[in-house]
Amino acid sequence: MPVLTIKNLEASTEDKAILHGVNLTVNAGEVVALMGPNGSGKSTLASVLMGHPAYQVTNGTVKYQKSDLLRLKPEERAQRGLFLAFQYPQSVAGVSMGSFLRLAYNATHDTKLSVKDFVKLLQRKMDLLQLPHDFMLRPVNEGFSGGEKKRAEMLQLAVLEPTLAVLDETDSGLDVDALRVVGEAIQAIRKERPTLAILVITHYQRILDYVPADRVAIMRAGKIIKEGKAELLQRIEQEGYQQIT
């Protein structure tokens, strides 16, 4: 069942057109890999989906579940279960991971949890991702390594329990070991929540070794130029993006 349906989406920033008629569907429980060269519009699409004010939609529609996504404010999109993992997560000095996640959880759920109940939930999620419990006491991304920042993003994903997760180059800057840990975290979350829809935005195949894609979509010059099954990854590796039409 479609969670996200994008039709003929066009968007620009500072009067420069970037998206030129994007069409894409992501179904419940599905992993869709959105791949393409630098500057093809992948991260712009993620920003548009979350309602970043720097981008203006000039044409097309985006249906999220039964809602017109483009009519919702960014906070309303998050409240309805749309999650974005950033390529470069920001640090928040003086705010602990636990406090940050409790505020985020209560802002996106109808049921508000007390501190005691939330700590129980958070500890269970940290156990799921094999994170030490003192992780919740550390300031948000302050002094974190690249791998720790991405694991913090996965903890947010596990705690907030969204309907659709957009992972914008989550593999960026990770070494082999950190990538494996993050990939295993994503798979643990999927096992717990099998209906979670995931849009993985990436340049490279390596994260898909840990999080296999059901479908692959290739973006070039602001458009989806080809979709296919996992076999399409082999063509990308052998031919590069420019040779695929």
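Analyst: Leaving aside neighbours within four places in sequence, Leu155 is in contact (heavy atoms within 4.5 Å) with Met97, Leu101, Leu122, Lys125, Met126, Leu129, Leu131 and Phe135. This is a predicted model, in which local features need pLDDT of at least 70, side-chain atom pairs count only at pLDDT 80 or more, and totals for chains, interfaces and linings use all residues. Residues are numbered from 1 along each chain as its sequence is written, and side-chain values use heavy atoms, leaving out hydrogens and water.

User: Which residues of α4 are buried?
Analyst: They are Phe118, Leu121, Leu122, Lys125 and Met126; buried means under 20% relative accessible area, exposed over 50%, and partly exposed in between (1.4 Å probe, protein chains only). Helices are DSSP runs of H or I with at least four residues, numbered from the N terminus.

User: What covers them?
Analyst: The cover includes α3 (97-108), α5 (146-160) and α6 (176-192).

User: And which exposed residues are on the face turned away?
Analyst: That face of α4 carries the exposed residues Lys116 and Lys120.

User: Changing topic, how many aromatic pairs are there?
Analyst: The structure holds 2; rings of Phe, Tyr and Trp (its six-membered ring) pair if their centres lie within 6.5 Å, with planes under 30 degrees apart counted as stacked, over 60 as edge-to-face and the rest as tilted. The rings of Tyr105 and Phe118 have centres 5.9 Å apart and planes at 55 degrees, so this pair is tilted.

User: Is Phe118 buried or exposed?
Analyst: Phe118 is buried, with a relative accessible area of 2%.

Notes: Helices (H or I, at least four residues) and strands (E, at least two) are DSSP runs, numbered from the N terminus.
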